[in-house]
Amino acid sequence: MIWSTILMALREVRRNTMRSVLTTLGIVIGVASVIAMVTLGRGATAKITADIANMGTNLLIVSPGAERRGPTSVVATALKLDDARAITREASAVADVAPTANRSALVVYGNKNWSTLITGSTNSYFSIRGYVVSAGTTFSDADLQGGTPVCVLGATVRRELFGTQDPLGASVRVGPVSCTITGVLASKGQSTFGQDQDDFVIMPLAALQRRLAGNTDVGSIYVSAVSDKATDKAKQQIEALMRERRHIVSGQNDDFSVQDMKEISKTLGSVTGALTALLGAIAGVSLLVGGIGIMNIMLVSVTERTREIGIRLAIGARGHEVLLQFLIEAVTLSAMGGIFGMILGLGGSFAATRALGIPFTVSVDILVIALVFSASVGIGFGFFPARKAARLNPIEALRHE
Amino acid sequence: MGASGSGKSTCLNVLGCLDKPTSGAYLFRGVDVGTLDMDQLALLRRHYLGFVFQGFNLLARTSALENVELPLIYRRVPSVERRKLALQALADVGLKGREKHTPAELSGGQQQRVAIARAIVTKPQMLLADEPTGNLDSAKKTEIMRLLVELNQARGITVIMVTHEPDMAEFASRVVHFKDGLVERDIRGNA
């Protein structure tokens with residue numbers, strides 16, 4: 001009985017192909033947009049989280065100056081190399097420390113020049129930030145100690161200045177300093193925020209301080225904790241140590257900050273997660289509108305087919321059998337809409353993720369939710385018209401013109 | 001028989017268990033129909049009754065075969081047997097070879113034959129026909145009446161028919177005349 005009712009419903013849907021397609025369109029668009037929004041949102045979240053993980057989930061950054069909230073400004077004392085040494089020595093949860101200082105400068109090679117960021121640091125910087133030397137070597141201990149003017153080029157700088165030439169051993173001018181190239185980094189690509197992570201030149205911290213900056217300040221200290229789980233502990237240890245070194249008594253505000261990448265990743269993840277939910281909910285509204293479209297057409301259909309319902313009742317159909325038939329028709333329409341919407345949504349979000357360069361993952365849960373929701377839309381909005389059909393009086397229905 | 005508004009169609013609706021009498025009782029197979037609910041009436045119609053209407057009342061854009069199969073679907077007859085019975089019923093009313101035609105592709109007489117096939121495919125005890133010849137020309141009227149008489153005589157199906165045309169009443173063995181909602185005359189042994 002159920003099976004033949006389904007067949008009858010399918011025949012009915014096919015009989016009015018154009019109308020069925022238009023009716024279904026609302027659901028198709030609703031389901032497709034829900035799936036596309038959620039897939040894109042989750043892809044973006046995954047991308048952001050992965051990018052931050054790429055920077056190192058156990059990464060902490062110590063910078064001078066308080067985290068700025070509101071108009072309070074604290075005049076901050078610059079960090080010094082000794083601070084980095086103290087962290088290495090005192091904080092047990094810390095694995096590696098890279099004091100860094102930055103300057104921007106024009107880098108010149110032959111007749112080409114490129115304005116970029118010059119970072120002064122130690123070899124720890126490469127491992128903490130996840131940079132790999134693709135050719136040549138990192139700095140020697142003597143270079144680091146003595147502040148020899150040597151440098152390692154980021155992939156972008158290398159491309160801009162040298163093209164296909166081999167830069168190893170060549171000499172470039174970094175600002176006023178003549179610098180020998182000892183190595184080239186492998187490309188890391190763009191960061192989450194669209195920054196080119198390969199557009200910089202790195203030299204020993206001592207060289208930068210002495211030859212470019214002219215002081216012994218350290219801009220920030222990159223710290224890696226011994227493990228992902230140890231970041232909180234490392235952060236506490238560093239904070240305590242720094243307060244002590246900077247003579248900050250309890251109750252006084254810190255004049256430095258320790259940023260935790262994991263925290264940032266979590267915050268960003270929850271922001272994009274909330275955005276995804278919001279977009280999904282907005283798309284869900286269109287699904288509801290699609291459901292109303294189905295109800296509308298089913299009501300028209302019941303009126304139009306009053307005579308048919310009369311015939312069915314006269315030859316012995318019971319009320320609930322007529323109800324079932326119309327309900328199945330409504331569910332068939334909405335479920336078909338759900339399936340086409342699913343295909344469209346997945347196809348669309350696949351294309352979009354490719355275009356935006358974010359990972360494409362099929363989330364089964366949202367597919368199931370979208371399908372179940374569209375079928376329930378069919379039941380929900382199909383019930384009222386179906387009940388109207390089932391309650392018709394056979395004699396009046398047969399007389400209906 | 002009777003003029004329009006004389007109550008003949010209402011009587012047929014009561015006899016066909018489509019309507020319940022407002023007063024008095026109608027016993028069908030010993031059951032007082034007035035005491036049954038809509039679903040039980042539907043089951044009575046499903047198992048014992050067949051209907052033919054003036055306006056044919058076939059499902060549009062649906063083949064003759066599927067139209068005839070319809071009552072069998074509600075009787076939960078398996079599809080293979082359903083097809084067999086429907087083909088047989090269509091052959092019985094002389095529509096062999098027209099099974100795939102939709103009502104729009106059939107003449108009025110042929111449509112009424114499909115309707116009759118639909119009514120008899122369940123082998124009902126009683127066939128109720130409300131002005132079955134009303135929309136047909138005289139040649140087709142006679143054709144349909146012969147078919148109904150044949151069903152009555154060959155199969156023993158009780159045929160109850162409403163008409164206002166005296167020459168159609170000629171075919172019946174008992175004629176009840178209605179006037180203003182009352183039975184005026186009841187003539188037995190007509191034919």
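Visitor: In chain A, how many of the contacts between residues at least 6 apart in sequence join residues at least 24 apart?
Guide: That share is 84%. Two residues are in contact if their C-beta atoms, placed from the backbone, lie within 7 Å. This is a predicted model, where local features need pLDDT of at least 70, side-chain atom pairs count only at pLDDT 80 or more, and totals for chains, interfaces and linings use all residues. Residues are numbered from 1 along each chain as its sequence is written, while chains are lettered from A and ligands numbered from 1 in the order in which they are written.

Visitor: OK, new topic: which part of chain A gives the most to the side that touches chain B?
Guide: The contact takes 17 residues from chain A and 19 residues from chain B. Helix 10 of chain A gives the most to chain A's side, with five residues. Helices here are DSSP runs (H or I, at least four residues), numbered from the N terminus.

Visitor: And how do helix 11 and helix 12 of chain A cross?
Guide: Their axes come within 7 Å and cross at roughly 150 degrees. Axes are lines fitted to C-alpha atoms over the stretch in contact, and angles run from 0 to 180 degrees between N-to-C directions. Helix 11 and helix 12 of chain A are therefore roughly antiparallel to each other, a word used for angles over 145 degrees.

Visitor: Last one: how many helices are in chain A?
Guide: Chain A has 13 helices, along with twelve strands, and strands are DSSP runs of E, at least two residues.

Key:
Parallel < 35°, antiparallel > 145°, perpendicular 65-115°, else oblique.
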